[in-house]
Amino acid sequence: MMNILIDMPLFNPFFDSLQNMEEVNVKVIEPSDKSRHLPEELIEDIDILFCTTPPLNHEKMRRLKMIQISSSGYTQLIGQKLEERNIEVCNALGVFDVPIAEWNIAMMISVARNLRGMLHNQDQQIWDRSAQFQNEIRGGIVGIWGYGGIGRETARVAKALGMKIHVLTRSGVYSRENIYCVPGTGDESGILPDRVFLMEEKELFLKELDFLIMAIPQTPGTVGIVSEEELKLLKPTSFILNPARGPLIQEQALLRALNEKWI
């Protein structure tokens, strides 16, 4: 019998199919995104764990063979010594491509049309027909720095809205296979970008953008990758969206750029 412990929100269709498997016993607990101690009698015979963060006392899980986490990032597993116990770990790469891409689209429309100002006027019963509330993102250039799952799904939706897609990568755009992608989404073949720039062409990439979207992971090599130099290359009317990690952009440089209205 294989014992599975689920410490994350349930998706009932998959949960039902899992329960119906022979030789599988499923335990479910109230999910938490914080690590905590779990009762030893609950976890000692678990073979597979679904969670966001492993329990603090995971060393008591003597039969544990595999952990499936609910996030793409996996910093919560660093230093847990799971490899010393031959425990396989899977992240959720691809699962969040659609909601984050939709956030990108929502934010582009919001900032282009000053949605915050529009809602403020509505709350104050102000009828303001200013052109700023009618701006279109159609025809605009969205620059996607990095072209993984989030970048590709953002490109697909933005393209459908009539935007031009520029991409900046280290090694070009290729087909993306053997990585989970929600059916019907993304750009598996890498055919959607109107222009692709390599890192040595970064200046050309940044100068034309209406929107810059950061879609690269945080690594020692990408922390602070956007500095004053990059911010000064953008148009004064440009917007930056960073659905990735904050430290990609140097904070003091960003504050200066906003305060001095470089962007």
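Q: What makes strand β1 (residues 2-7) and strand β3 (residues 48-51) a pair?
A: β1 and β3 have 4 bridges, in the parallel sense, so they count as a pair. Within this pairing, isoleucine 6 stands opposite phenylalanine 50 in β3. Strands here are DSSP runs of E, at least two residues long, and helices are runs of H or I of at least four, both numbered from the N terminus.

A word on the model: it is predicted, so local features need pLDDT of at least 70 and side-chain atom pairs pLDDT 80 or more, while totals for chains, interfaces and linings use all residues. Residues are numbered from 1 along each chain as its sequence is written, and side-chain values use heavy atoms, leaving out hydrogens and water.

Q: Why are β2 (24-28) and β5 (88-90) at the edges?
A: The open sheet has 5 strands with parallel pairing, in the order β2-β1-β3-β4-β5. β2 and β5 each have a single partner strand, so one side of each is left without a neighbour in the sheet. From one strand to the next, the twist averages 15 degrees.

Q: What makes α1 a helix that packs on the sheet, and which strands does α1 touch?
A: Contact means heavy atoms within 4.5 Å, and α1 touches β1, β2 and β3. The direction of α1 makes about 140 degrees with that of β2, where axes are lines fitted to C-alpha atoms (for helices over the stretch in contact) and angles run from 0 to 180 degrees between N-to-C directions.

Q: What space lies in the largest pocket, and how is a pocket defined?
A: On a 1 Å grid over the protein atoms alone, a pocket is an open set of points where a 1.4 Å probe fits, with protein on both sides within 12 Å along at least five of seven lines. The largest pocket holds about 1300 Å³, the volume being the space filled by probe spheres set on the points, which are joined across faces, edges and corners. Lining residues have an atom within 4 Å of a point; there are 40 of them, and Leu93, Ala215, Ile216, Pro217 and Gln218 are the closest to the centre.

Q: How many residues in the lining of the second largest pocket are charged?
A: Asp, Glu, Lys and Arg count as charged; Ala, Val, Leu, Ile, Met, Phe, Trp, Tyr, Cys and Pro as nonpolar; the others, Gly among them, as polar. By that rule this lining has 15 nonpolar, 3 polar and no charged residues. α1 gives the largest share, 4 residues.

Notes. Pairing = 2+ DSSP bridges.
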